[in-house]
Amino acid sequence: MATQSEQPKGELAVRTLAMPADTNPNGDIFGGWVLSQMDIAGAIIAGKEAKGRTVTVQVETMTFHRPVHVGDVLCCYVEVIKIGNTSLKLKIEAWAMRNFDPDRVKVTEGIFTYVAIDENRKPRPIIKS
Ligand SMILES: CC(C)(COP(=O)(O)OP(=O)(O)OC[C@H]1O[C@@H](n2cnc3c(N)ncnc32)[C@H](O)[C@@H]1OP(=O)(O)O)[C@@H](O)C(=O)NCCC(=O)NCCS
């Protein structure tokens, strides 16, 4: 769980609004929607780092710290942990801004791995800049 002084780590890759259509039967935001936003954020940074097409190959850890509510602004931050031969490991955090309060709450975090692929969907080496 985030401490009060903790700040988001990494690059802001996705910022979006949690809508009523994304709720579960309890009225909170469906966990799969949050995971999907994190995966999109990771894909944006993976594509940038790999300079081309990538696919998600693994979600190593995924922790839901707090619920997300309708109207929250969800911000996904991505930090590159490791660049391998063809794969990238990313730490992705999602933070929520609630009730127009600028203080954000860390709601989820996870470790995602992406693989750079070529036109035949086969792994291709990542050229490090
Ligand atoms: C990703 C994919 C192309 C990898 O193909 P592959 O033949 O298994 O690749 P390799 O065994 O050569 O491994 C390639 C890299 O991926 C990594 N990798 C493969 N499977 C992995 C796994 N389960 N977890 C973490 N890393 C993995 C390897 O460590 C390697 O990394 P490195 O080159 O940096 O050392 C293939 O598994 C695939 O297409 N998967 C489906 C991806 C997809 O559709 N994602 C969308 C989700 S619905």
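The side chain of Lys 91 makes a polar contact with that of Glu 109, at 3.3 Å. A polar contact is a pair of N or O atoms within 3.5 Å; within protein, one atom must be able to donate a hydrogen and the other to accept it, and residues adjacent in sequence count only if both atoms are side-chain atoms. The model is predicted: local features need pLDDT of at least 70, side-chain atom pairs count only at pLDDT 80 or more, and totals for chains, interfaces and linings use all residues. Residues are numbered from 1 along each chain as its sequence is written, and side-chain values use heavy atoms, with hydrogens and water left out.

Lys 91 belongs to strand E4. Strands (E, at least two residues) and helices (H or I, at least four) are DSSP runs, numbered from the N terminus. Lys 91 is buried, because its relative accessible area is 17%. Buried means under 20% relative accessible area, exposed means over 50%, and partly exposed lies in between (1.4 Å probe, protein chains only). Contact means heavy atoms within 4.5 Å. Residues up to four places away in sequence aside, Lys 91 touches Tyr 77, Val 78, Glu 79, Ile 81, Glu 109, Gly 110 and Ile 111. Strand E4 as a whole is mostly covered, with eight of its eleven residues buried.

The sheet is considered next. Five strands form an open sheet, in the order E1-E3-E4-E5-E2. The pairing is antiparallel. Strand E1 (11-17) and E2 are the edge strands, and each pairs on one side only. From one strand to the next, the twist averages 25°. Two strands pair if DSSP finds at least two bridges between them. In general, strands of a sheet pair through backbone hydrogen bonds, either parallel or antiparallel.

The pairings can be followed across the sheet. E1 and strand E3 (residues 73-83) run antiparallel and are joined by six bridges. Leu 12 has Tyr 77 in E3 as its bridge partner. Ten bridges link E3 and E4 in the antiparallel sense. Here Leu 74 stands opposite Ala 96 of E4. E3 and E4 form a hairpin, with three residues between them. E4 and E5 are also antiparallel and are joined by eleven bridges. Ala 94 stands opposite Thr 108 in E5. These two strands, E4 and E5, form a hairpin with six residues between them.

Helix H1 packs on the sheet and touches E1, E2, E3, E4 and E5. The direction of H1 makes about 50° with that of E5. For such angles, axes are lines fitted to C-alpha atoms, for helices over the stretch in contact, and angles run from 0 to 180 degrees between N-to-C directions.

For Asn 99 the phi is about 50°. Asn 99 lies in the loop between strand E4 (87-97) and strand E5 (104-116). Asn 99 is exposed, with a relative accessible area of 69%. For Lys 51 the phi is about 55°. Lys 51 is found in the loop between helix H1 (31-50) and strand E2 (54-64). Lys 51 is exposed too, with a relative accessible area of 53%.

Lys 51 is also a contact of Ile 127. Ile 127 is placed in the segment after E5. Ile 127 is exposed, with a relative accessible area of 67%. Leaving aside neighbours within four places in sequence, Ile 127 is in contact with Glu 49 and Lys 51. The C-alpha atoms of Ile 127 and Thr 108 are separated by 30 Å, at 19 residues apart along the chain.

The model also contains a ligand. One of Ser 87 lies 2.6 Å from a ligand oxygen atom. One of Thr 86 lies 2.7 Å from an oxygen atom of the ligand. One of Gln 58 lies 3.5 Å from a ligand nitrogen atom. Taken alone, the ligand exposes 960 Å², and the protein buries 42% of that. Accessible areas come from the Shrake-Rupley method with a 1.4 Å probe; for residues, only the protein chains shown count as cover.

Key. A residue is near a molecule or strand if one of its heavy atoms lies within 4 Å of it.
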